[in-house]
Amino acid sequence: MAVMKKKGKKEVPAISTASLPDVIFMLLFFFMVSTTMRDQELLVRYRLPEATEVQKLEKKNLVSYINIGEPVPHMQAKYGTATQIQLNDAFRTAKDIGDFIAAEREQLNEADRAQMTTSIKADEFTKMGIITDVKQELRRANALKISYAAIERQGNNND
Amino acid sequence: MAGGNKRKVPDINASSQADISFMLLIFFLVATTMSTDKGLTRVLPPIPPEDVKVEDQKQKERNILLVFVNGVGQLLVGDEQMDIRSLKDKAKEFVLNEADDENLPEKEDKEIEMPDGSTWVYPESKGIISLQTTRDTNYDIYISVQNELTAAFNEIRDDVAMKKFQAKFSELSEDERSVITKAVPMKISEAEPRKGAVKK
């Protein structure tokens, strides 16, 4: 009888949550290391084209972004669905790229200016006319290092 | 006094630590992005000064491979229509010109300084791939053509690196890589679009 009584009273011990903060901290550190700060709000929607031979862009602070694509839904009331070029936080035309590059270059050290790269993030259905205008303006602004942003596709379509 | 010694400092309740770190975690999840910036890197040609004559830059016809992409994504390579899947081999054949064909690009011996101080003579191809589009060509076709051309150059670089350093291009050191890059420069000219849909 005594044994039975003891059994009935026994409770399942609570799971210790003492290690929970440690687990969360580990996750936190993972995200802190592997991500970068979101520096601008996207006003355009794009799906990048796919490519196999992509290279990683080193030194993010030397990279300026030009986003090209259809405006996001809440901007479409004002700007329609025609392809727009986003520089910093506003829609601009290709003509403004010179000023944009000059401003970006101004923010860099003297030594880093030659290393400046411009990343063109354009939707895959953009017409080449717009891309070419952007490229011509970049040439005029002497920002010659560019990168066509693309998603890495594994394998090769030739095989 | 004896009573004072007995009194213990109560433990700080650490159960909210998890909540605090959760909050931090969520902040970083929202405010940051994964760094997945990848792309095809290119160097644009500088705008030529006004006084330079166009004649100076004229290339021999055999040194140029014209790749033209039209508005519906058809490819014209040289003077034949081609599927994008054969473009890479065509580009490799053009740049390498292994049989020294008269219709394929000339080669010029180039002295390249090696990391150890010696010089290495490599017959550099003078071929230029000229990529042209119309103004209404889609960007994704343009990128896949650029991708195939990059793949062609990367394969040639791999082959040359294999012969010279017995390793793949990507496994080489910085100095060795620049040697190979000098031997096989990526000569892709991205001309302005021709006979565009929009008149300038």
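Biologist: Against which elements of chain B do the buried residues of α5(B) pack?

Modeller: They pack against β6 (107–113), β7 (119–125) and α4 of chain B, where contact requires C-beta atoms, placed from the backbone, within 7 Å. This is a predicted model, in which local features need pLDDT of at least 70, side-chain atom pairs count only at pLDDT 80 or more, and totals for chains, interfaces and linings use all residues. Residues are numbered from 1 along each chain as its sequence is written, while chains are lettered from A and ligands numbered from 1 in the order in which they are written.

Biologist: What makes B:Val179, B:Ile180 and B:Ala183 buried?

Modeller: A residue is called buried if 20 or more other C-beta atoms lie within 10 Å of its own, exposed if 12 or fewer, and partly exposed in between, with C-beta atoms placed from the backbone. In helix α5 (residues 174–183) of chain B, these three residues are buried.

Biologist: Why are the buried residues of α5(B) said to line one face of the helix?

Modeller: Seen down the helix axis, they fall within an arc of 95°, so they line one face. The arc is that of the directions from the helix axis to the C-beta atoms.

Biologist: How many helices and strands does chain A have, and why is chain A called more spread out than a compact globule?

Modeller: Chain A has 5 helices and 10 strands, these being DSSP runs (H or I, at least four residues, for helices; E, at least two, for strands) numbered from the N terminus. Its radius of gyration is 26 Å, well over the 15 Å that the globule rule gives for 159 residues, so chain A is more spread out than a compact globule. The radius is taken over C-alpha atoms, and the rule is 2.2 Å times the number of residues to the power 0.38. Along its principal axes, the C-alpha trace of chain A spans about 95 × 45 × 40 Å.

Biologist: What joins β1 of chain A to β1(B)?

Modeller: Strand β1 (residues 35–37) of chain A and β1(B) run antiparallel and are joined by 3 bridges; strands pair if DSSP finds at least two bridges between them. B:Thr33 in β1(B) is the bridge partner of A:Thr36.

Biologist: How many residues does each chain bring to the contact?

Modeller: Chain A brings 49 residues and chain B 44.

Biologist: Which residues outside its sequence neighbourhood does A:Ala150 contact?

Modeller: Leaving aside neighbours within four places in sequence, A:Ala150 is in contact with residues including A:Leu48, A:Val54, B:Leu40 and B:Ile143.

Note on methods
Contact = placed C-beta atoms within 7 Å.
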